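Look at it first, then read on.

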Amino acid sequence: MNGARVLPLLAVALLAGCSSSAADKAGGSRATTVLTVADSDSIDQPDTAAIQHFAIQVAKRSGGSLRIHIAYQAAGSATPYVEERVIRSVQAGRYDLGWIGARAWDEVGVNSFRALQAPFLITSTRLLDRVATSPVAREMLASLSSRHVVGLALVPDLLRHPIGITRRLASPTDFAGARIRIQPSKTTAALVRSLGAVPVELSNSQVGFSIGGKRVDGEELALANAVSPSIITVNVAFFGKSLTLFANEQSFSRLTDEQRRILRAAAAGTVRHVVAKYPPDAILARGACLNRRRLVLATAAERAALLRAAQPVYRMLEADPQTRRFIEQIQAWKRATSPDPPLVLKPSCMRGQAAARAVGAPSPATLLDGTYRWVLRAS
């Protein structure tokens, strides 16, 4: 949620208000329908490029007769629960569409997305992309009808890593007693607790003060969002973040068949765009090395210990038959999906950590570390 923007924002002309008119090719006029999407985050986030791409595609596919207005920070920044508030605002019809992390749905009783946050399961961008474009994603989105919203897209985002502020976070010993800032999610909180840490929910307006005052010891963040200074465990990914795009049921039903088709086509096109354009960690790690960010590698033994510690979370998740089925499917895809490009880490980024730890052939694949390869080059 915090940190510098690393993906270029797409320029888009957004039309505010409920409706206006636009000249057609015959010289007359036609009504322009404007839908407002509530974005739980600010404009300076990596996923902004995706929601702006969606807005551009809607305008393009409709010839300008259907437009998207993006309301950034639609729930403000004074509460940690901005994603849950966006859900409820869209449900209530205050916004036509919503754009939030899939992690937040379990806060309102929707459990179908929880497999996405199974600990150390989705540890590569390629696997995250495969899940987001699969029938599993469509089934997850279909479950939103129980909350009177229409699921339009599950959009892959970035892998989430342990980001240490006061300490290295690479083993259960490191996590013991650490206060870890998370985005509100029952599944994420359960993972942090399983590692012996304390989940802390902070609003965006509080987090800077809390980090500066050393009231938190770390965060779960993407490499693109890592604060400075920080210690990033680059070969541990908690899970892959995904975004959900969804619509108020009544707003969606009021649209024409053609308008609904355009929205669905633009949503599907946005998923394809993100899969094709979003950078893997191999690219993001280059920027993460800058501005007093230190990269560390967990050992094979430390990664195995983290996975063992997280097993109670799997037992919790797999108590739900649908989630268990999703996890089993993702595990099968993981075994068949090629790894991401290898990270190229400069020794100067490691700052004292033994380079030998990262050199050599990849270790045998496991649930936690089967998609990582490491290459170090001299500065």
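**Helices and strands in a predicted model**

Residues are numbered from 1 along each chain as its sequence is written, and side-chain values use heavy atoms, with hydrogens and water left out. Helices (H or I, at least four residues) and strands (E, at least two) are DSSP runs, numbered from the N terminus.

Q: How are α4 and α13 oriented to each other?
A: Helix α4 spans residues 135-142, and its axis is 11 Å from that of α13. The two pack at an angle of about 155°. Axes are lines fitted to C-alpha atoms, for helices over the stretch in contact, and angles run from 0 to 180 degrees between N-to-C directions. Angles under 35 degrees count as roughly parallel, over 145 as roughly antiparallel, 65 to 115 as roughly perpendicular and the rest as oblique, so α4 and α13 are roughly antiparallel.

Q: Which residues of α13 does α4 meet?
A: Contact means heavy atoms within 4.5 Å. On the α4 side, the residues are V136, E139 and M140. In α13 they meet Q322, R325, F326, Q329 and W333.

Q: How are α3 and α13 oriented to each other?
A: Helix α3 (residues 125-132) and helix α13 (residues 321-336) have axes 10 Å apart. Their packing angle is about 135°. The crossing of α3 past α13 is right-handed. By angle, α3 and α13 are therefore oblique.

Q: Which residues of α13 does α3 meet?
A: Helix α3 brings L127, R130 and V131 to the contact. Their partners in α13 are I330, W333, K334 and A336.

Q: Is Q259 buried or exposed?
A: Q259 sits in helix α9, residues 257-277. Not counting residues up to four places away in sequence, Q259 touches T33 and L66. Buried means under 20% relative accessible area, exposed over 50%, partly exposed in between (1.4 Å probe, protein chains only). Q259 has a relative accessible area of 14%, so Q259 is buried.

Q: How many residues of helix α6 are buried?
A: Helix α6 covers residues 186-194 and is largely enclosed by the rest of the structure. What covers its buried residues includes β6, β7, β8, β10, α11 and α12. Among the buried residues are T187, L191 and S194.

Q: What is the relative accessibility of I70?
A: I70 lies in strand β3, residues 66-71. The C-alpha atoms of I70 and I51 are separated by 8.1 Å, with the two residues 19 apart along the chain. I70 counts as buried, because its relative accessibility is 4%.

Q: How many bridges pair β5 with β10?
A: Two strands pair if DSSP finds at least two bridges between them. Strand β5 (residues 149-164) has 16 of 16 residues buried. G151 has F246 as its bridge partner in β10. β5 and β10 pair in the antiparallel sense, and the number of bridges is 9.

Q: Which residue of β8 is the bridge partner of H161?
A: β5 and β8 run antiparallel, joined by 4 bridges. The partner of H161 in β8 is L221.

Methods. Predicted model: local features only at pLDDT ≥ 70, side-chain atom pairs only at ≥ 80, totals over all residues. Left-handed = near helix turned anticlockwise from the far one by under 90°.
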